[in-house]
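Here's a quick, friendly tour for anyone meeting this structure for the first time. Have a look at the picture, then read on.

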Amino acid sequence: MPAVIEISCINCDMCVPECPNEAISMGPLHYQVNPERCTECIGYYDKPTCIEVCPIDCVALVPLE
């Protein structure tokens, strides 16, 4: 399940340096996650760090459709 950043993102930049796969980049309005690169931080951290560091809780894991 890749992480998804909701539209409520305030572009605080907290998640970008935490991603070991460089899966987070700036989209047209807010940061977004490339689902092909997101591994939920498996092999790097116990939990997805983008979720852990987000100050407004706008990052969540979602199943691929």
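## A threonine in the helix

Let's begin with T49, which lies in helix α1. Keep in mind that this is a predicted model. T49 counts as buried, since its relative accessibility is 10%. Leaving aside residues up to four places away in sequence, T49 touches E18, C19 and C41.

## Two residues with positive phi

C41, one of those contacts of T49, has its own story. C41 sits in the loop between β3 (31-33) and α1 (49-53). Its phi is near 65 degrees, a positive value in a residue other than glycine. Is C41 buried or exposed? With 6% relative accessibility, C41 counts as buried.

D13 also has a positive phi without being a glycine, with a value near 75 degrees. You'll find D13 in the loop between β1 (3-5) and β2 (24-26). D13 is partly exposed, and its relative accessible area is 42%.

## Cysteines without a bond

How many disulfides does the structure hold? The count is zero. Take C12: its closest cysteine sulfur belongs to C54 and lies 6.0 Å away, so the two are too far apart for a bond. To count as a disulfide, the sulfur atoms would have to be within 2.5 Å. C38 is in no disulfide either, as the nearest cysteine sulfur, in C50, is 6.2 Å from its own.

Now for the gaps. Searching the whole structure turns up two cavities of 30 Å³ or more. The largest cavity has about 100 Å³ of space, and 16 residues line it. Closest to its centre are C19, C38, E40, C41 and C50. So some names come back here: C19 and C41 are among the residues that T49 touches, while C38 and C50 are the cysteines whose sulfurs are 6.2 Å apart. By class, the lining of the largest cavity splits into eleven nonpolar, three polar and two charged residues.

The second largest cavity holds about 80 Å³ of space.

Key
Residues numbered from 1 in each chain as written. Predicted model: local features only at pLDDT ≥ 70, side-chain atom pairs only at ≥ 80, totals over all residues. Heavy atoms only, no water. Helix = DSSP H or I, 4+ residues; strand = E, 2+ residues; numbered from the N terminus. Buried < 20%, exposed > 50% of the residue type's maximum accessible area, 1.4 Å probe, protein only. Contact = heavy atoms within 4.5 Å. 1 Å grid on protein atoms, 1.4 Å probe; cavity = no way out; pocket = protein on both sides within 12 Å on 5 of 7 lines; lining within 4 Å. Points joined across faces, edges and corners; volume = space filled by probe spheres on them. Nonpolar A, V, L, I, M, F, W, Y, C, P; charged D, E, K, R; others polar.
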